[in-house]
Amino acid sequence: MENTMKNFVVPAEVFFEQIPIGPMANFAYLIGDRHSGEVALVDPGWEIPRLLDMIKQKKCFLTAVLLTHGHYDHIDGLAELLDDQDVPVYISRADADFFKVQAGHLVKTVDGDNIKIGGIELECIAAPGHTPGCQLYRYKNILLTGDVLFFDACGRCDLPGSDPAAMETTLRKIKQFPDDTLIFSGHGYGRKSWDTLANQKKTNPFL
Ligand SMILES: [Fe+2]
């Protein structure tokens, strides 16, 4: 995927991988503690054997699954993954209930909750609009936006559970984050795979 900007830099203590998966240009992510090798897998929608293989090859250990929201293209690999890995699955309470998400060890989160992956702590940020319980995950300058914010676009607000007014509030909240925030979204639509918030404020008409 083409990205004319120089490569992004994440904090030294962080293990981070962006992984294009499936037929709908989804991104899964591995994020965790570079020193201990503990990682969380974000949005395991497709290609579970490949993702598990990658975790093994990188000498990492899966300690959690994080879901940005309850749409099938972000969660459909869950059962297959949990067959192999006994780890907690984090999702917002709102989306867990709305989509009736099933998982062995489901942890329902609310805005402001923190999730520890080894030595790093991710913050859960409620971001309703695309779905009732879309949730961003943030660590320092890394922001995983799921289907809330895309490059020069935002998520659809015409689906069951969508709320355009809530999306406006969510986008205003994202605008308040520091300009050097790195945006990593749930799909690789268009030519970019990541961007800074500063750049998105200039080019994204929804911000
Ligand atoms: Fe979605």
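The legends below walk through several close-up views of this predicted model. Residues are numbered from 1 along each chain as its sequence is written. Because the model is predicted, local features need pLDDT of at least 70 and side-chain atom pairs count only at pLDDT 80 or more, while totals for chains, interfaces and linings use all residues.

**View 1. Six strands make an open sheet in the order 1-2-3-4-5-6.** The pairing here is mixed. At the edges you will find strand 1 (14–21) and strand 6 (106–109), each of which pairs on one side only. On average, neighbouring strands of this sheet are turned by 25° against each other, direction ignored. For such angles, axes are lines fitted to C-alpha atoms, for helices over the stretch in contact, and angles run from 0 to 180 degrees between N-to-C directions.

**View 2. Strand 4 meets strand 5 in a parallel pair.** Strand 4 covers residues 61–66 and strand 5 covers residues 89–92, with two bridges joining them. Look for leucine 66, whose bridge partner in strand 5 is tyrosine 90.

View 3. Alanine 25 sits in the loop between strand 1 and strand 2 (26–33). Alanine 25 has 15 C-beta neighbours inside 10 Å, so it counts as partly exposed. Lysine 100 is exposed, because 8 other C-beta atoms lie within 10 Å.

**View 4. Strand 7 and strand 8 form a hairpin with two residues between the strands.** Strand 7 (residues 114–117) and strand 8 (residues 120–126) run antiparallel and are joined by four bridges.

**View 5. Strand 9 is linked to strand 8 and to strand 10.** Four bridges connect strand 8 to strand 9, and the two run antiparallel. Here isoleucine 125 has leucine 136 of strand 9 as its bridge partner. Strand 9 (residues 135–139) is mostly covered, with four of its five residues buried. Three bridges then join strand 9 to strand 10 (residues 142–146), again in an antiparallel pair. Arginine 138 finds its bridge partner, leucine 143, in strand 10. The hairpin of strand 9 and strand 10 has two residues between the strands, and lysine 140 takes a positive phi near 50° there.

**View 6. Another open sheet has six strands in the order 7-8-9-10-13-14.** Its pairing is mixed. Strand 7 and strand 14 (195–196) stand at the edges with a single partner strand each, so one side of each is left without a neighbour in the sheet. Strand 13 (residues 182–185) and strand 14 run antiparallel, joined by two bridges. To finish the tour, find leucine 182, which stands opposite threonine 196 in strand 14.

Methods: Pairing = 2+ DSSP bridges. Buried ≥ 20, exposed ≤ 12 C-beta atoms within 10 Å, placed from the backbone.
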